[in-house]
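Please keep the structure open as you read.

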Amino acid sequence: MKRNVIVGQSGGPTAAINSSLAGVYRTAKDRNAKKVYGMLHGIQGLLEERYIDLADYITNDLDVELLKRTPAAFLGSCRYKLPEIHENKELYEKIFTILDKLDIEAFVYIGGNDSMDTIKKLSDYAIVTGHTTRFIGCPKTIDNDLALTDHTPGFGSAAKYIGTSVKEIIRDSFCLEYEKGLVTIVEIMGRNAGWLTGAAALAKGEDCPGPDLIYLPEIAFDLDKFSTKIGELLEKKSSVVVAVSEGICLADGKYVCELGESIDFVDAFGHKQLSGTASFLASYVAGEYGCKTRAIELSSLQRAASHCASRVDILEAYQVGGAAVKAADEGDSGKMVIITRFSDDPYQSGTKVKDVHKIANDEKLVPREWVTKCGTNVTSKFLTYVRPLIQGDVSPIMVDGIPRHLFRDL
Ligand code: F6P
């Protein structure tokens, strides 16, 4: 590389997103980029000329290792939707003036489907205006809903945390005996895709019965059928554990979380904040059966749990970061790095690049045949797909009994 690289992080963070940042930094340096800048809070921060020189923070190999183990977006993130080019040309001119000033050869954006919309628009604008900066997307999202890639970095670690936590919750739920039983509802992120919620099934093994019911957002939720199933289960066992996606909807498309006291917040991409599904269902069950209930929202814990990260995930996240820089250096633009799977066992994967226009704003959902007929669990095919992605551990670097992270003033 002859000039500089700039990298940004966008959308919801993950336990692996900073490993991709480390991969971008290392590969850019190995390819002789003069400087590697980090946008603070993605494209939104860049518009305010907020950026850092990553060399000021990553000074040795230990810093790279710490960065790989640091959850959340080291650079800060944003959910910022660029307008269409014809709607606000001045904004694009401003961005490209800043990129020119920084002498940027490659622009790497680590994000999900909404963030790929940014890569798509910027690369289109560069073509129209004959600009030489190259734009590459680096996949990231715990939701695992990006098209064309086998899976997304961040998903494996979140799935491992969910499988582990649900297993621990099930164990805990059998300790105390309540007269009318206990129903625990665990709410899992993932928006309209059930990949993460399905990962609750990983809890099942010789030493754990697994969750009794799993509800994915791909299947319309029926409150009456749910209630009947809970009643039947309470007849047979003292503790019932249910995993529900934050995004489950009734047949008319209304989110279940909107049936309770929902939050009205909507982001720049028009996504409603989904929260409160477990708490609504727990109150509903308590009302129906008079039993003890517990609502557990895994919330940000599931995407920040770097102490429970998957080794496969952290390694692949690092690789896609490197592959993004390599692609830009070799002349690609308007593309996203994807992961291809060659085999499940032994697990083997590689990277390629694909046209970002085929990825941006799309959502890859769990196929119907990977959900059981009755719609309340996932099949063995789902588990065969997920299991390789949660393998191996990345030991945190512990200081005073607590994991150490790479520090940047927040
Ligand atoms: O997009 C990733 C994600 O973690 C979704 O699963 C979830 O719905 C959303 O982010 C939550 O975002 P926020 O932290 O902005 O509420």
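The crossing of H1 and H11 is right-handed, a term used when the near helix is turned clockwise from the far one by less than a right angle, with anticlockwise giving left-handed. Before going further, a word on the source: this is a predicted model, where local features need pLDDT of at least 70 and side-chain atom pairs count only at pLDDT 80 or more, while totals for chains, interfaces and linings use all residues. Residues are numbered from 1 along each chain as its sequence is written, and side-chain values use heavy atoms, leaving out hydrogens and water.

**Helix packing**

Helices (H or I, at least four residues) and strands (E, at least two) are DSSP runs numbered from the N terminus. Two packed helices are described by the angle between their axes and the distance between the axes. Here axes are lines fitted to C-alpha atoms, for helices over the stretch in contact, and angles run from 0 to 180 degrees between N-to-C directions.

| Helix pair | Axis distance | Angle |
|---|---|---|
| H1 (residues 17-30) and H11 (residues 311-329) | within 7 Å | roughly 40 degrees |
| H8 (residues 223-236) and H9 (residues 277-289) | 11 Å | about 60 degrees |
| H1 and H3 (residues 61-68) | within 7 Å | roughly 145 degrees |

At roughly 40 degrees, H1 and H11 are therefore oblique to each other; angles under 35 degrees count as roughly parallel, over 145 as roughly antiparallel, 65 to 115 as roughly perpendicular and the rest as oblique. Their contact (heavy atoms within 4.5 Å) involves, among others, Gly 23 and Thr 27 of H1 with Gly 321 and Gly 322 of H11. By class, the residues of this contact are eight nonpolar, six polar and one charged, where Ala, Val, Leu, Ile, Met, Phe, Trp, Tyr, Cys and Pro count as nonpolar, Asp, Glu, Lys and Arg as charged, and the others, Gly among them, as polar.

H8 and H9 are therefore oblique as well, and their crossing is right-handed. Among the residues in contact are Phe 226 and Leu 234 of H8 and Phe 280 and Tyr 284 of H9. This contact divides into nine nonpolar, three polar and two charged residues.

H1 also meets H3, through residues including Leu 21 and Arg 26 of H1 and Asp 61 and Lys 68 of H3. The contact of H1 with H3 has four nonpolar, two polar and three charged residues.

**The ligand**

Which residues surround the ligand? They are Arg 79, Ile 142, Asp 143, Met 189, Gly 190, Arg 191, Glu 246 and Arg 303, each with a heavy atom within 4 Å of the ligand. An oxygen atom of the ligand is 2.7 Å from a side-chain N or O atom of Arg 79. For Arg 191 the corresponding distance is 3.3 Å, and a polar side-chain atom of Arg 303 lies 2.7 Å from a ligand oxygen.

**Backbone details**

Asp 345 and Pro 346 are joined by a cis peptide bond, with omega about 5 degrees. Pro 346 sits in the loop between strands E10 (335-344) and E11 (347-355). His 41 is not a glycine, yet has a positive phi of about 60 degrees; His 41 lies in the loop between strand E2 (36-39) and helix H2 (42-47).

How values were computed:
Polar contact = N/O pair within 3.5 Å; in protein donor to acceptor, adjacent residues only side chain to side chain.
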